Amino acid sequence: MRPFPYHALPRTLATVVPRHRGFATNPLGLVARYGVARRRHSYGYDSSSRLVSRPHPFAPLLRNLCAAVLAPAALLLAAGCVTVPKTAPAVAAVSPQQLGLSQQRMMSVDKQWWKGFGDSQLDSLIEEAFAHSPSLDEAIARVRRAQAQALAAGAGSQPQLTLDGNEIRQRLSENYTAPPKDLHIGAGGGGVYWIGELGLNLGWDLDFWGRQASLLQAASSQAYAAELDRASARLALAGSIAQAYVDLYRAYALADVAADAQTQRESLLRLAQSRLHAGLDTAVEVKNAEALVPQARLARLMAENQRDVAVHRLAALAGHGADWYDRIQRPQLKLDTALPLPDALPMDLLAHRPDVIAAKARIDAATADRAAAKAAFYPDISLRAFAGFQAVGLDKLLDSNSAAYGVGPAIHLPIFDAHRLEAGYLGATAEIDGTVSQYNDTVLGAVRDVSDALSRGDSLMRQRVESEQSLVAAQAAYDLAKSRYKSGLTSQLTVLNAETQLLGLRAATVGIDANLVIARVTLLLTLGGSFEPPADTAAADNSIPSSPSSAVAGSGASS
């Protein structure tokens, strides 16, 4: 066999190819740094001076080297890789035992609790809001977005198969992997050729350290939190419409009070005029009575404006515009409707609040993100495979001899990243503290809201009793003053004072009745309304540990 012509090699290759007898028939076999060692065959001359392809003579040696050297090298690299910072969350979640909850449990609430008010118009407004409210549509869109992100996160742990192809007109370098043109080996360096590839590529992250699983868990927890936010938005929407409907009832009632006041002022004016004609009063009393009539009309107009504003608000909450203004009529509420309300903080309050459960889910998501950030410090091992065609020349791309395939593992290990991974891990730890703080704020806010609603409801009940008693007495005083004024036994001022007190008490009683209903609805909402928690939530409402580091340890992401 003819000796290999070393003089024909470029200088960059000739300096690294040893003059070994094996290289006399394998000139392109072992120079891995130039991309040559990946070839399945080598070239040499036979007895007829033809260049032929034969198996790589150093293939067994390379396989033994991979087994004997690569594994220890990986261990050495791992020992010198970026290390996980020694840090842990610092904020502790509030314990239910610190909240002063009673031993009383939540009572069952009907899913359509608003129907207890016995007003079909209220029922239709809430149903319209569920179907057309922009705020609820926005919450639903956030749920869909979070679900899509969870789906994308789950794709990272699944095999990825792609079909890739290209055909490039390329001049081959004379100083790279292609043999020189004077060797007459097909596509030689310095020539211009069509170089093409077409094949399937498989990639599969084996997720040895659970990074992809943690990312999926984080995305799933965020999707669950978004779904709970939607439940909160639906509950808040029903409550807002019920409260706005009570405000409309109040506006109608106050408009009635203002209309009655106008009627009384006009009646008083007529009485003053008749007394003037009878010589019992002077023109001063008549002028005073005349001045009070425009004031009564002004109060009525203001009350009617408040009624119109309440109608506009209801239509907007229901997802409609001005076309619905005329459809909304006077409410026919049963104000004494009994709602299933406790008289103390229920022990299972946290399990019935969707916003509290959502805050807890976000702690789970942050904990999973921290576990994923920790796993990023470790070697990323994946499986790679390809099968297809590679050829020089358009006419040979799909030839059977152009077939190529391969399979094997791949490893990615961070050695130096300018503190990028460390910053990500520290940020994920801080995110846990942030979500725990938000959870604490939500829990304390829930307890405060329920306590405020309980106190407000109790106070309004007592105010109502006192107001009704005052109203009865004021009505009797006004009737008596008016009768005595007709008989000439008292002055006009006495009647006006009695009337003013009566009208004020009527308006106050209307306000107390409306506020009492709103307070009951508010209490129902702060307790979670008709929200039904998942089956495992009630058992897990104490699952947020007081020590944040123990929460992280439970997720496999402890420092």
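Start with Arg265. Its relative accessibility is 12%, so Arg265 counts as buried. Keep in mind that this is a predicted model.

What does Arg265 pair with? Its salt-bridge partner is Glu499, and the closest N and O atoms are 2.5 Å apart. Is Glu499 buried or exposed? Buried, because its relative accessibility is 1%.

Stay with α9, residues 492-526. Leu496 sits in this helix too. At 15% relative accessibility, Leu496 is also classed as buried. Beyond its neighbours within four places in sequence, Leu496 is in contact with Leu268 and Leu292. Take Leu268. Leu496 and Leu268 are 228 residues apart in sequence, yet 8.9 Å apart in space, C-alpha to C-alpha.

Asp247 and Arg250 meet through their side chains at 3.1 Å, N to O. They are three residues apart in the helix, so about one helical turn separates them. Asp247 is partly exposed, at 22% relative accessibility. Arg250 is buried, at 18%. The cut-off for buried is under 20%. Arg313 joins Asp247 and Arg250 in a network of salt bridges.

Now α6, residues 283-317. Arg300 and Glu304 both lie there, four residues apart, about one turn of the helix. They form a salt bridge too, with the closest N and O atoms 3.0 Å apart. Over the whole structure, the search finds 18 salt bridges.

Next, helix α4, residues 134-155. It has 22 residues, so at 1.5 Å a residue it should span 32 Å; the end C-alpha atoms are 32 Å apart, which agrees. Which residues of α4 are buried? Leu136, Ala139, Val143, Ala146, Ala150, Ala153 and Gly154. These cover an arc of only 100 degrees around the axis, so they are on the same side of α4. The other side has exposed residues: Pro134, Arg144, Leu151 and Ala152. What covers the buried residues? Helices α3 (120-132) and α5 (211-277) are among the elements that do.

Last, the surface. Leu161, Leu163, Leu198, Leu200 and Leu398 form a nonpolar patch, with about 510 Å² of accessible area together. Strands β3 (160-171) and β4 (192-205) each give two or more residues to the patch. Where is Leu398? In the loop between β5 (380-392) and β6 (403-412). Its relative accessible area is 61%, so Leu398 is exposed.

Notes
Residues are numbered from 1 along each chain as its sequence is written. This is a predicted model: local features need pLDDT of at least 70, side-chain atom pairs count only at pLDDT 80 or more; totals for chains, interfaces and linings use all residues. Side-chain values use heavy atoms; hydrogens and water are left out. The expected span of a helix is 1.5 Å times one less than its number of residues. Buried means under 20% relative accessible area, exposed over 50%, partly exposed in between (1.4 Å probe, protein chains only). The arc is that of the directions from the helix axis to the C-beta atoms. Contact means heavy atoms within 4.5 Å. Patches are made of residues with over 30% relative accessible area and no salt bridge: like charges are joined within 9 Å, nonpolar side chains (Val, Leu, Ile, Met, Phe, Trp, Tyr) within 5 Å. Accessible areas come from the Shrake-Rupley method with a 1.4 Å probe; for residues, only the protein chains shown count as cover. A salt bridge is a side-chain nitrogen of Lys or Arg within 4 Å of a carboxyl oxygen of Asp or Glu.
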